[in-house]
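Thanks for coming. I will go through one structure this morning, from the overall layout down to a few single residues.

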Amino acid sequence: MGLPAGVTPAMVWAVLLPVAVVTIALRALPFAFKRLLRGSPLLDFLGLAMPVGVMTVLVVYAVSGAAEARGGVLAALIAAAATLGLHAWRRSMALSILAGTACYMVLVNWVF
């Protein structure tokens, strides 16, 4: 499988290199300003609010996306409850995520 007609390796590199440089720069940028922004009330607030906000958006997206699957919403809600319960019990994020994902997959594929 080769390159599409009219596309040279130089053209591919001309796109990939800037994309790689920008991606690495954006990932490293927060660390460059870490000392400058230490103690910022805005960043302290975002550090507290963003994880909860992101997780809320992900859960709503997952449950709404599961509406298309047969039994998907019920499976997603059961798996979310299992994840919350396991996390409240063990306080292990990795265990909670893995067990919740496994619970959802079992429910969707074998129960509903």
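Overall layout

The protein has five helices and zero strands. Read from the N terminus, the order of elements is α-α-α-α-α. The radius of gyration is 21 Å, well over the 13 Å that the globule rule gives for 112 residues, so the protein is more spread out than a compact globule. Along the principal axes, the C-alpha atoms fill a box of roughly 50 × 50 × 20 Å.

Please keep in mind that this is a predicted model. The average pLDDT is 89, and 100% of the residues score at least 70. Where is confidence lowest, and where is it highest? The lowest mean, 80, belongs to helix H2, residues 34-37, while helix H1, residues 9-32, has the highest, at 94.

Surface and contacts

How much of the protein is buried? Buried residues account for 10% of the 112. The accessible surface is about 9,100 Å², and carbon and sulfur atoms contribute 77% of that. As for contacts between residues at least 6 apart in sequence, 44% of them join residues at least 24 apart.

Distances across the model

Here are some pairs of positions, to give a sense of scale. Take valine 15, which is in helix H1. Valine 15 counts as exposed, at 51% relative accessibility; the cut-off for exposed is over 50%. From valine 15 to tryptophan 110 is 95 residues along the chain, and their C-alpha atoms are separated by 44 Å.

Next is valine 57, in helix H3, which covers residues 41-65. Valine 57 is also exposed, with a relative accessible area of 56%. For proline 4 and valine 57, 53 residues apart along the chain, the C-alpha separation is 38 Å. Proline 4 lies in the segment before H1, and at 54% relative accessibility proline 4 counts as exposed.

The H4 to H5 region

Now to the other end of the chain. Helix H4 spans 72-90 and helix H5 spans 93-111, and arginine 91 is in the loop between them. For background, most residues other than glycine have a negative phi. Arginine 91 is exposed, with a relative accessible area of 63%.

On pairs between aromatic rings, the count is zero.

Serine 96 is in helix H5. Is serine 96 buried or exposed? Serine 96 is at 4% relative accessibility, so it counts as buried, the limit being under 20%. Which residues does serine 96 touch, leaving aside neighbours within four places in sequence? Serine 96 is in contact with Thr83, Leu86 and His87.

To recap

The model has five helices and zero strands, and the radius of gyration of 21 Å is well over the 13 Å from the globule rule. Buried residues are 10% of the total of 112, and serine 96 in helix H5 counts as buried. When you look at helix H2, remember its mean confidence of 80, the lowest in the protein. That is the end of my part.

Key:
Residues are numbered from 1 along each chain as its sequence is written. This is a predicted model: local features need pLDDT of at least 70, side-chain atom pairs count only at pLDDT 80 or more; totals for chains, interfaces and linings use all residues. Side-chain values use heavy atoms; hydrogens and water are left out. Rings of Phe, Tyr and Trp (its six-membered ring) pair if their centres lie within 6.5 Å; planes under 30 degrees apart count as stacked, over 60 as edge-to-face and the rest as tilted. Helices (H or I, at least four residues) and strands (E, at least two) are DSSP runs, numbered from the N terminus. The radius of gyration is taken over C-alpha atoms; the globule rule is 2.2 Å times the number of residues to the power 0.38. Buried means under 20% relative accessible area, exposed over 50%, partly exposed in between (1.4 Å probe, protein chains only). Contact means heavy atoms within 4.5 Å. Accessible areas come from the Shrake-Rupley method with a 1.4 Å probe; for residues, only the protein chains shown count as cover. pLDDT is the predictor's confidence in each residue, from 0 to 100.
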